[in-house]
Amino acid sequence: MSSTEQTLSIIKPDAVERNLVEKIKEIFKKNNLVIKDSKKIQISKEEAADFYKVHQSKPFYDQLCTYLSSGPIVVMILQGENAVILNRELMGATNPKEAKENTIRKLYGISIDKNSVHGSDSNSNAKKEIDFFFKH
Ligand code: CDP
Ligand code: MG
């Protein structure tokens, strides 16, 4: 079964800083994901903590929130057939060292924390995350 979905993608500070925004957007477009909306913003540590609150008990939480708020990011709504899973496939594994060839994290990720992109992991989280950035 396939269906048109929307998902949230974030290009993280390490990738924005290295001018990889257009290269990453090309990967989405080439794979039939339409960029319905996109904006470059910088968020506060408090906003990052709210966005990543599902990870609040993890040892890496504080560092993760500091990192996501450390510089400009690009947040996007991606739309297409099975967009949630497709985006996760294009991103690759959380740890770039474990990511498959030609995935965004394999191509551009620096380390498990500076792994270039975020993508929603389910349809319900996609809706929440899109609202977080685009429906304030
Ligand atoms: O981003 P993804 O859904 O693949 O991974 P996650 O398990 O939801 O973790 C969220 C983010 O936390 C990751 O993308 C990493 O940037 C960071 N993280 C980390 O810094 N150290 C870890 N051991 C695991 C995750
Ligand atoms: Mg996740």
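A residue counts as near a molecule if one of its heavy atoms lies within 4 Å of it. This is a predicted model, in which local features need pLDDT of at least 70 and side-chain atom pairs pLDDT 80 or more, while totals for chains, interfaces and linings use all residues. Residues are numbered from 1 along each chain, chains are lettered from A and ligands numbered from 1 as written, and side-chain values use heavy atoms without hydrogens or water.

Q: Which residues surround ligand 1?
A: Lys12, His55, Phe60, Leu64, Arg88, Thr94, Arg105, Ile112, Asp113 and Asn115 surround ligand 1.

Q: What makes the approach of Asn115 to ligand 1 a polar contact?
A: A polar contact is a pair of N or O atoms within 3.5 Å, and a polar side-chain atom of Asn115 lies 3.0 Å from an oxygen atom of ligand 1, so the pair qualifies. Polar backbone atoms of Ile112 and Asp113 each lie 3.3 Å from an oxygen atom of ligand 1.

Q: How much of ligand 1 does the protein bury?
A: Taken alone, ligand 1 exposes 500 Å², of which the protein buries 79%, with areas computed by the Shrake-Rupley method with a 1.4 Å probe.

Q: Why does the radius of gyration of the protein agree with that of a compact globule?
A: The rule, 2.2 Å times the number of residues to the power 0.38, with the radius taken over C-alpha atoms, gives near 14 Å for 136 residues, and the protein has 14 Å, so the two agree.

Notes
A polar contact is a pair of N or O atoms within 3.5 Å; within protein, one must be able to donate a hydrogen and the other to accept it, and residues adjacent in sequence count only if both atoms are side-chain atoms.
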